[in-house]
Amino acid sequence: MNRSDALAEAFLAELSVTDDSHPNTYHAISDVARDVLTVEKNDPAWSAARVLRRLSDPDRILSFRVTWEDDNGDVRVNRGWRVQGSNAIGPYKGGLRFHPSVNEDVLRFLAFEQCFKNALTGLPLGGAKGGANLDPRGLSEREIMRFCQAFMAQLEPFVGPDQDVPAGDINVGAREIGYLFGAWRQRRGLYQGSLTGKGLSYGGSEMRIEATGFGLVYFVQAALAEQGHDIKGKRVAISGKGNVATHAALKATEEGARVISLSDTSGTLVAPDGMSPDLIRWVQERKARGEDLSDPPKSDAAQFREGEVPWDLEPDIALPCATQNELDASMARTLIDGQVEMVAEGANMPLTSDAARVLRHAHVVHLPGKAANAGGVAVSGLEMSQMSQRRFASAEDVDASLRSIMADIHARVSEEGRGTGEIDYVRGANLAGYRRLAKAISAQGIL
Ligand code: NDP
């Protein structure tokens with residue numbers, strides 16, 4: 001066992017979370033621990049401050065009942081949470097997810113990752129994540145509104161522009177943010193930037209909706225440029241059909257790549273010659289209506305493959321943009337057999353630890369989500385500044401800022417990850433995020 005593995009093992013044995021009790025949190029912390037503990041050990045101030053130990057335990061976990069009434073007048077009960085990871089470098093910031101799979105473990109891992117991601121942006125943003133174990137499929141517009149109001153009735157005291165600023169995530173888009181913001185504003189009696197992802201008519205930023213997917217492509221372009229390559233003509237396989245997946249597809253297509261797939265839980269839409277922007281917009285419409293991707297328009301020569309994932313399509317670049325742990329070791333081997341050059345994470349932690357290990361051994365460039373999908377939170381940071389200044393930037397200006405932030409993140413991460421050979425982006429992202437957090441946490445005393 002090498003030194004970093006030995007340090008990580010001793011460190012993990014001390015945590016209250018285990019692989020059995022909190023598999024996602026344990027996975028996220030152990031991956032970071034292997035990269036950063038040797039650096040922490042070598043810095044007396046960071047080591048004495050026990051920076052990673054503190055980051056591994058969120059500042060607080062809020063857990064609450066959400067009681068609401070459905071259209072039949074029946075009382076429904078869900079559980080909501082907000083995990084506030086760290087506010088050492090800025091107000092807590094991170095999305096809300098409404099999905100039946102949401103539990104404390106999922107939100108703890110997401111909040112932990114968010115602390116590092118937000119540190120990488122260079123903006124003053126702490127890390128948090130929240131949500132509820134709600135299955136919104138089949139709910140009416142009014143039911144969604146009542147649920148959002150009931151959720152915010154519980155969370156309102158803990159949210160505010162200098163306190164905690166939630167945003168969207170899976171199944172929380174512009175509509176839900178509107179209801180959540182309205183409920184917060186009414187309860188608090190203040191018009192402030194308490195959430196991001198707001199509509200343009202009430203304090204939102206241009207480009208926030210597109211930012212994660214567009215930023216992912218900008219990050220991929222920066223990594224390709226590092227190798228003297230270009231995205232033009234590359235075959236790009238994307239999983240997911242939501243906000244991140246479809247905006248990455250639109251931007252990659254615009255930049256000259258051939259997007260050969262999008263997918264959902266029922267199967268994969270395959271377009272061997274590349275998707276047209278119209279086909280990608282058709283996917284967005286299906287998603288908005290809660291429909292799957294069967295029966296694509298005939299004109300696009302696309303096929304729906306029920307129950308399949310897109311990783312056997314021999315892409316040059318793979319963009320997993322659906323959810324955590326969606327790509328396992330055998331799928332990683334399939335990608336390698338198909339000569340994949342780069343895997344860039346649009347989703348948070350879409351690769352299992354084993355899949356990441358398989359890619360590393362095969363020397364496939366692996367761009368981790370905490371760097372590659374940071375564009376969304378970066379534009380949220382810009383939305384917070386615009387809202388407090390009451391001055392709003394044009395789409396062109398926000399897009400230019402997004403490009404420049406993604407280029408800066410790439411520069412920071414590649415500098416940290418540059419060893420003697422190829423760049424290790426996973427290690428680079430962990431170290432660059434950690435250093436910023438460690439400086440702030442060790443400077444602020446024992447808290
Ligand atoms: P959306 O709710 O817009 O879309 C998620 C889509 O993924 C759904 O259509 C769902 O399909 C599909 N999906 C879920 N599981 C699978 C699976 N195993 N295989 C294929 N498709 C699947 O979510 P977002 O696009 O906002 O988020 C996607 C990921 O990106 C998440 O990990 C999120 O945390 C991350 N992310 C999002 C950011 C944002 O700004 N929105 C920012 C940074 C990261 P179905 O319709 O069948 O349920």
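In what order do the strands of the open sheet of seven strands run? The order is β9-β8-β7-β6-β10-β11-β12, with mixed pairing. An open sheet of five strands has the order β1-β2-β4-β3-β5, also with mixed pairing.

This is a predicted model, in which local features need pLDDT of at least 70 and side-chain atom pairs count only at pLDDT 80 or more, while totals for chains, interfaces and linings use all residues. Residues are numbered from 1 along each chain as its sequence is written, and side-chain values use heavy atoms, with hydrogens and water left out.

Helices (H or I, at least four residues) and strands (E, at least two) are DSSP runs, numbered from the N terminus.

**The seven-stranded sheet**

- The sheet order is β9-β8-β7-β6-β10-β11-β12. β9 (303-306) and β12 (365-367) stand at its edges, each with a single partner strand, so one side of each lacks a neighbour in the sheet.
- The twist from one strand to the next averages 15°. Axes are lines fitted to C-alpha atoms, for helices over the stretch in contact, and angles run from 0 to 180 degrees between N-to-C directions.
- β8 (residues 267-270) pairs with β9 in the antiparallel sense, over four bridges. Two strands pair if DSSP finds at least two bridges between them.
- Thr268 has Arg305 of β9 as its bridge partner.

**The five-stranded sheet**

- The order here is β1-β2-β4-β3-β5. β1 (60-69) and β5 are the edge strands, and each pairs on one side only.
- Neighbouring strands of this sheet are turned by 20° against each other on average, direction ignored.
- β3 (residues 92-98) and β5 pair in the parallel sense over four bridges. Tyr92 stands opposite Asp164 in β5.
- Helix α5 (residues 104-120) packs on the sheet and touches β1, β2 (75-86), β3 and β4 (127-132). The direction of α5 makes about 150° with that of β4.

**Val165 in β5**

- Val165 belongs to strand β5 (residues 164-167). Val165 is buried, at a relative accessible area of 0%. Buried means under 20% relative accessible area, exposed over 50%, partly exposed in between (1.4 Å probe, protein chains only).
- Beyond its neighbours within four places in sequence, Val165 is in contact (heavy atoms within 4.5 Å) with residues including Arg82, Tyr92, Lys93, Leu195 and Met384.
- Val165 and Ala183 are 18 residues apart in sequence and 14 Å apart in space, C-alpha to C-alpha.

**Helix packing: α8 and α14**

- α8 (residues 208-226) and α14 (residues 375-389) pack at an angle of about 145°, with axes 7 Å apart.
- Their crossing is right-handed. A crossing is left-handed if the near helix is turned anticlockwise from the far one by less than a right angle, and right-handed if clockwise.
- Arg208, Ala211 and Thr212 of α8 meet Gly375, Gly376, Val379, Ser380 and Glu383 of α14.
- By class, this contact has two nonpolar, four polar and two charged residues. Ala, Val, Leu, Ile, Met, Phe, Trp, Tyr, Cys and Pro count as nonpolar, Asp, Glu, Lys and Arg as charged, and the others, Gly among them, as polar.

**Buried polar side chains in loops**

- Asn348 lies in the loop between β11 (342-344) and α12 (353-361). Asn348 is buried, with a relative accessible area of 10%.
- The side chain of Asn348 makes a polar contact of 2.8 Å with that of Lys117, and another of 3.2 Å with that of Asn373. A polar contact is a pair of N or O atoms within 3.5 Å; within protein, one must be able to donate a hydrogen and the other to accept it, and residues adjacent in sequence count only if both atoms are side-chain atoms.
- Not counting residues up to four places away in sequence, Asn348 also touches others, among them Phe109, Asp169 and Thr323.
- Lys241 sits in the loop between β6 (235-239) and α9 (243-254). Lys241 is buried too, with a relative accessible area of 12%.
- The Lys241 side chain reaches the backbone oxygen of Glu291 at 2.8 Å.

**Positive phi**

- Most residues other than glycine have a negative phi.
- Met207, not a glycine, has a positive phi of about 75°. Met207 lies in the loop between α7 (174-188) and α8 and is buried, at 11% relative accessible area.
- Asn325, not a glycine, has a positive phi of about 60°. Asn325 lies in the loop between β10 (317-320) and α11 (329-337) and counts as partly exposed, at 31% relative accessibility.
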